[in-house]
Amino acid sequence: MSNLSRVLERQQKEREEIRRRRAEEDRDADEEEEQMLAVAVCMLNQSRQHRRRRAPNVNRRRDSRGIVCGVPSSGRSSPRERKRKGATSMKAVVITTPGGPEVLQLHEVEDPELKDNEVLIKVEATALNRADILQRKGMYPPPPGSSPYLGLECSGTIEAVGKQVSRWQVGDKVCALLSGGGYAEKVAVPAGQVLLAPPGVSLQDAASFPEVSCTVWSTVFMMSRLSAGETFLVHGGSSGIGTFAIQIAKYWGAKVFVTAGSKEKLAFCKNLGADVCINYKTEDFVARLKEETGGKGVDVILDIIGAEYFRRNLKSLSFDGRLFVIGTMGGAVTEIDLRVVLSKRLTIQAAGLRYRSPENKAAIVREVENNVWPAIVAGKVKPVVYKYFPLSEAAEAHLLMESSKHIGKILLLP
Ligand SMILES: NC(=O)c1ccc[n+]([C@@H]2O[C@H](COP(=O)([O-])OP(=O)(O)OC[C@H]3O[C@@H](n4cnc5c(N)ncnc54)[C@H](OP(=O)(O)O)[C@@H]3O)[C@@H](O)[C@H]2O)c1
């Protein structure tokens with residue numbers, strides 16, 4: 001071989017090596033870009049939530065099949081990896097852009113990926129929560145690592161179990177507390193957040209329990225320690241939270257006071273067992289509570305209104321009273337006169353459920369299973385479902401919740 005042909009052959013080999021390396025680098029860059037995009041979206045989401053501005057559209061990316069992909073988040077594979085593993089698709093409600101109910105659309109999306117400590121649930125029903133409206137508007141992003149889709153609770157049948165899961169089996173009828181993803185045909189959830197669907201309740205209606213029972217049990221009972229013989233006020237007695245709180249507080253022997261905004265809603269609360277029903281639109285609830293308790297005030301208040309009711313709530317509490325704030329429908333910023341807290345030895349607490357760790361949620365779920373499930377199984381706490389919508393009508397369901405015409409829960413059926 002001449003010197004020239006040896007040089008040409010070497011150059012050819014070098015060119016091939018360069019091409020091979022470039023292809024490899026391109027592949028790595030693609031994956032890195034996807035991961036960086038996910039982190040950037042997550043950070044953007046958090047800072048936007050902080051500034052109470054619109055969160056980005058996390059659901060708009062499509063793969064080559066036109067399937068909408070949730071943004072990959074920590075602990076889950078990238079869409080590229082998942083495609084390689086042969087992921088299949090399902091229907092889910094997607095927030096096409098932050099905004100009104102009309103932005104909710106049913107799309108074909110990738111199936112959720114199952115982690116070793118999770119179960120995959122074929123969803124029978126999911127329920128709406130006020131928080132879904134905030135998420136739809138871009139003001140309440142899912143916690144990192146959670147499904148980008150709406151839906152904080154569901155019921156259904158276990159379709160697959162992760163390698164580390166021992167309690168649950170394929171075919172079990174369950175309901176679950178979710179960090180997101182309920183508005184879909186399938187959802188993956190840590191096994192610790194799953195409960196057996198309570199016997200005596202339809203599998204559909206079981207979807208109405210996880211969020212309200214975990215919220216009310218972890219606040220009113222685990223932290224404010226409401227006990228038999230005490231007095232308890234729940235604001236928004238006709239809400240999903242309120243209709244459950246009335247029943248479980250009565251079951252545990254408390255005297256229950258509620259506020260609501262219409263005669264019809266107050267009559268419903270009375271039927272559920274509430275002892276004293278106050279129309280907050282026509283009556284001063286502070287004065288009425290004083291009158292009903294002989295000037296003493298109530299022992300525990302569960303509040304969804306926040307700033308607007310804060311001072312009035314403090315006035316309505318008895319000595320050693322406990323206020324638990326779980327919502328800010330009436331604003332989040334207020335002033336406090338510490339002398340009232342000091343002189344009456346009050347306890348003020350506030351908490352959210354969604355951003356708790358999976359371990360923390362699992363601990364609450366087990367408490368609920370031990371203390372609330374027996375009341376449901378005994379028929380003492382019943383599901384209160386106002387209306388069922390097909391999943392494709394999620395927008396109509398949101399409109400209903402925003403109108404506040406409903407009493408209890410609104411369910412979506414895939
Ligand atoms: N922190 C947590 O972990 C957690 C968990 C779940 C829910 N939440 C919060 O709990 C609240 C209720 O949630 P939900 O899903 O049960 O909502 P929901 O079913 O939509 O009920 C909200 C109800 O509040 C009532 N309301 C409005 N203004 C009121 C006022 N000034 N006084 C008394 N009642 C009033 C409305 O009925 P009227 O017609 O009577 O006005 C409305 O139906 C929301 O703020 C939600 O964010 C918090």
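Which residues in H4 meet which residues in H10? Before I answer, please keep in mind that this is a predicted model, in which local features need pLDDT of at least 70 and side-chain atom pairs count only at pLDDT 80 or more, while totals for chains, interfaces and linings use all residues. Residues are numbered from 1 along each chain as its sequence is written.

Now to the helices, which, like the strands, are DSSP runs numbered from the N terminus (H or I and at least four residues for helices, E and at least two for strands). Ser213, Cys214, Trp217 and Ser218 in H4 meet Ile364, Val365, Glu367, Val368 and Asn371 in H10, where contact means that the C-beta atoms of two residues, placed from the backbone, lie within 7 Å. This contact divides into five nonpolar, three polar and one charged residue; Ala, Val, Leu, Ile, Met, Phe, Trp, Tyr, Cys and Pro count as nonpolar, Asp, Glu, Lys and Arg as charged, and the others, Gly among them, as polar. The axes of H4 and H10 (residues 358-371) come within 9 Å and cross at roughly 90°, the axes being lines fitted to C-alpha atoms, for helices over the stretch in contact, with angles running from 0 to 180 degrees between N-to-C directions. H4 and H10 are therefore roughly perpendicular to each other; angles of 65 to 115 degrees count as such, whereas those under 35 are roughly parallel, those over 145 roughly antiparallel, and the rest oblique.

For H7 (residues 285-292) and H8 (residues 307-316), the packing angle is about 10°, with the axes 9 Å apart, and these two helices are therefore roughly parallel. Phe285, Val286 and Leu289 of H7 make the contact with Arg312, Lys315 and Ser316 of H8.

Let me turn to the sheet. Six strands form an open sheet in the order S12-S11-S10-S13-S14-S15, with parallel pairing, and two strands pair if DSSP finds at least two bridges between them. At the edges are S12 (276-279) and S15 (347-350), each pairing on one side only, and the twist averages 15° from one strand to the next. S11 and S12 are joined by four bridges, and alanine 260 has asparagine 279 in S12 as its bridge partner.

Finally, the ligand. It is surrounded by 28 residues, of which the closest are Gly236, Ser239, Gly240, Gly261 and Gly327; a residue is near a molecule or strand if its C-beta atom, placed from the backbone, lies within 6 Å of it. Domain 1 (61-211 + 356-413) and domain 2 (224-350) both give residues to this shell, so the ligand lies between them, the domain bounds coming from an automatic or database domain assignment.
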